[in-house]
Amino acid sequence: MINFYQNFKIFLITLIFFLLIDLILGNYIFKNFLRQNYFDRDTSMGTPHPVFHHTIKKNYKTFTAGWGDRKLTFCSDNFGFRNKCDVINKSKTFDIGIIGDSQTEGLGINFEDTFTHLISKQIPEKNVANLAVASYSPAIYYSKIKFLLNDNFKFNEII
């Protein structure tokens, strides 16, 4: 019987020691690796839309957006189009509107690296709008373009 109590005492001490080490080490790993890389990211730039399901919030700016372990800047203009930070469009007239899903929006990269921005740099005389939002589909493309046209937006071309 004495041997049982000694073994149980060793078991309890080992268990408590293991739990303390696990708690301290687990907390360290969580705070320094997992939380930093995956949880301390601003992902609140999207908002529901009654006509075309979802869109980007207007005049949104964050420097803590992220994709995986990358941090990036994410900004939208006064129409809710992904753009350079602090852009204010004075007109609803655009030469080119580019619509698509996450690849066109540039999910996970800074706006300056999106192909929409790279195209607009190649044709600086044209006013290009990035109408894309992650998880869009052809039905949403149609609904959004129709909504924008009914809201007095004008586009010479839609890509």
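Aromatic rings of Phe, Tyr and Trp (for Trp, its six-membered ring) are taken to pair if their centres lie within 6.5 Å, with planes under 30 degrees apart counted as stacked, over 60 as edge-to-face and the rest as tilted. In the predicted model described here, F79, F81, F94, F153 and F155 form one aromatic cluster. Because the model is predicted, local features require pLDDT of at least 70 and side-chain atom pairs count only at pLDDT 80 or more, whereas totals for chains, interfaces and linings use all residues. Residues are numbered from 1 along each chain as its sequence is written, and side-chain values use heavy atoms, with hydrogens and water left out.

The count of aromatic pairs comes to 11. The ring centres of F79 and F94 are 6.3 Å apart and the planes stand at 80 degrees, so this pair is edge-to-face. F79 lies in the loop between β4 and β5 and F94 in strand β5, 15 residues apart, and the pair thus links distant parts of the chain; helices (H or I, at least four residues) and strands (E, at least two) are DSSP runs numbered from the N terminus. Both residues, F79 and F94, are buried (under 20% relative accessible area; exposed is over 50% and partly exposed in between, with a 1.4 Å probe and protein chains only). For F94 and F155, the centres are 5.8 Å apart and the planes at 15 degrees, so the pair is stacked. This pair also links distant parts of the chain, joining strand β5 to F155 in strand β7 across 61 residues. F155, like F94, is buried.

Beyond its neighbours within four places in sequence, F81 is in contact (heavy atoms within 4.5 Å) with residues including C75, F94, L131, L148 and F153.

Strand β5 also belongs to an open sheet of 3 strands in the order β6-β5-β7, with parallel pairing; strands pair if DSSP finds at least two bridges between them. The edge strands, each pairing on one side only, are β6 (128-130) and β7 (154-158). β5 (residues 93-98) pairs with β6 over 3 bridges, and N130 in β6 is the bridge partner of I98.
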